[in-house]
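Subject: Structure for you to look at

Hi there,

Here is the structure I promised to pass on. Please open it alongside this email, and my notes follow below.

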Amino acid sequence: MRELDTEILVVGGGLGGVAAALAAAAHGRRVVLTEETDWLGGQLTAQAVPPDENPWIERFGSTRTYRELREGIRGYYRRHYPLRAEAAKHAELNPGAGRVSKLCHEPRVAKAVIEAILAPHVSAGRIRVLLEHRPVSAHTTGDRVDAVVLEGEDQVTVRARYVLDATENGDLLPLTGTEHVTGAEAKSEHGEPHAPDQADPANLQGFTYCFAVSHHEGENHVIDRPEMYGFWRDYQPDFWPGPLLGFVAPDPRTLDPVKRTFVPNPPGDPLAVSADQSADAGDKELWAFRRILARGLHTDGAFASDLTLVNWPLNDYWLKPSHTIPGHTTEADVKTAHHEAKQLSLSVLYWLQTEAPRADGGTGFPGLRLRHDVTGTEDGLAKSAYIREARRIKAVTTVTEHDVSAEILGVDGRVRREDAVGVGSYRIDLHPSTGGDNYIDVASVPYEIPLGALLPVRVGNLLPAGKNIGTTHITNGCFRLHPVEWNIGEVAGLLAAFAVREGVEPREVKTDVRLFEDFARVLDAAGVERRWPEVRGY
């Protein structure tokens, strides 16, 4: 077994992990960054999910480094793709012209940009990256984590002064004995209006294996019939208006049945597409919703088809949780869940290719081609599941529905945090869950991220760096998105670096006014926004 010593260990190479490593290294700290897959970037890359962002993202509402990541992605397209002149010079270029985001793009482009951002620190020896390594155990002494054991081609023990959990499921929390919660809290715990009457640790949002397709009229790219196709074709949830494999699904905000449309390679100029979730969810036309490459932005003939990313109501999986939960799910259950989720996504594709109704009265789109090259996998699905809900630390501060709901605070309301370390905004967006809940989609207000939500109640040197901070099942729904995960990770990295430099504990930074003021200056210098201007919730 190899052993490594570092100042800061970041486990999980998703957006939060990358931001944490980058922030700590920029402040001169030595970092080991690990990732379970062979791609850094998490949601943007290995999970293949275009960014879900607030409507003001082009002007404010994120950290400076997140904006640099976004502009790096646009720059990559301008340098390497045959864009039309009008598209190339468009300041807010949306490469996919998708409706979900002002910056829809291919996973590999984000991967390349992330690697380029990290490259100077890797070359300088400040960041060491261990790909295809997952945590399997940890060594602790009292209220501190001494080391984490990771397994890949070999086994490596990494000792560090600070350990950051940026895994998708909050995997370090049970391994280190860090107090944490899973699933849904009871309404009696925090008085949240949308919480269930009874707590249910196994009630988590569904997860999804995304995939990308192009469409080639007149060609046949039909995949082999998936082994579970019969089950998924006939499956109809009690709360769904029809079969799951169908174009009629609930509107997340009203729960009314709404028919989606599906028009591959639609006509029109992609530059005319507007993406503003506060005005229009944009999810009723499926092809354009998460389109990640728009052929019409490029010179004639450069691309035979658009590319679109399938992350729709049809392929959300909610029969079993994505991770182990003592007394509820075992490793075998989790393995089964991920197999069934993959089968669901492949069944969606097969249904689209063979049975989906077309506007001309026919059935099936056999010209849909599964793009293995986009996701970098043999099965054509994303390398990792898109996980919406992780284990969450029991934190010094827990963000509840009362802190973010527009129904409670009003669209102009705001909870001001004395220990604000970032900002975020998104609707409280919960997808159907393993507990049998339908969508819970509630208007929210722009919020400030409290430092206390990043501080475990007991463990002194472990920090969450992703979706595993002190939220609830309900409020996780507006904290789980790309710019917020990056903000959380960046702050965790800056906090660990600050604690190493000052020789203090992270909890002291919250309780000592002088220390927090010093840390706030670090955040301000790094371009971490901590307050919102006057904007309304949606």
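This is a predicted model: local features need pLDDT of at least 70, side-chain atom pairs count only at pLDDT 80 or more; totals for chains, interfaces and linings use all residues.

Four strands form an open sheet in the order E12-E13-E9-E15, and their pairing is antiparallel. The edges are taken by strand E12 (291–293) and strand E15 (368–370); each has a single partner strand, so one side of each has no neighbour in the sheet. On average, neighbouring strands here are turned by 35° against each other, direction ignored. Helix H9 (residues 331–354) packs on this sheet and touches E9, E13 and E15, and its direction makes about 155° with that of E15.

Within the sheet, strand E9 (residues 211–215) and strand E13 (residues 307–310) run antiparallel and are joined by three bridges. If you want a place to start, find Phe211, which stands opposite Val310 in E13.

Now the glutamine. Gln205 sits in the loop between helix H6 (187–190) and strand E8 (207–208). Is Gln205 buried or exposed? Its relative accessible area is 4%, which is under the 20% cut-off, so Gln205 counts as buried. Leaving aside neighbours within four places in sequence, its contacts include Arg388, Glu389, Asp429, His431, Asn476 and Arg480. Glu502, by comparison, is 297 residues from Gln205 in sequence and 39 Å from Gln205 in space, C-alpha to C-alpha.

Note on methods
Residues are numbered from 1 along each chain as its sequence is written. Side-chain values use heavy atoms; hydrogens and water are left out. Two strands pair if DSSP finds at least two bridges between them. Helices (H or I, at least four residues) and strands (E, at least two) are DSSP runs, numbered from the N terminus. Axes are lines fitted to C-alpha atoms, for helices over the stretch in contact, and angles run from 0 to 180 degrees between N-to-C directions. Contact means heavy atoms within 4.5 Å. Buried means under 20% relative accessible area, exposed over 50%, partly exposed in between (1.4 Å probe, protein chains only).
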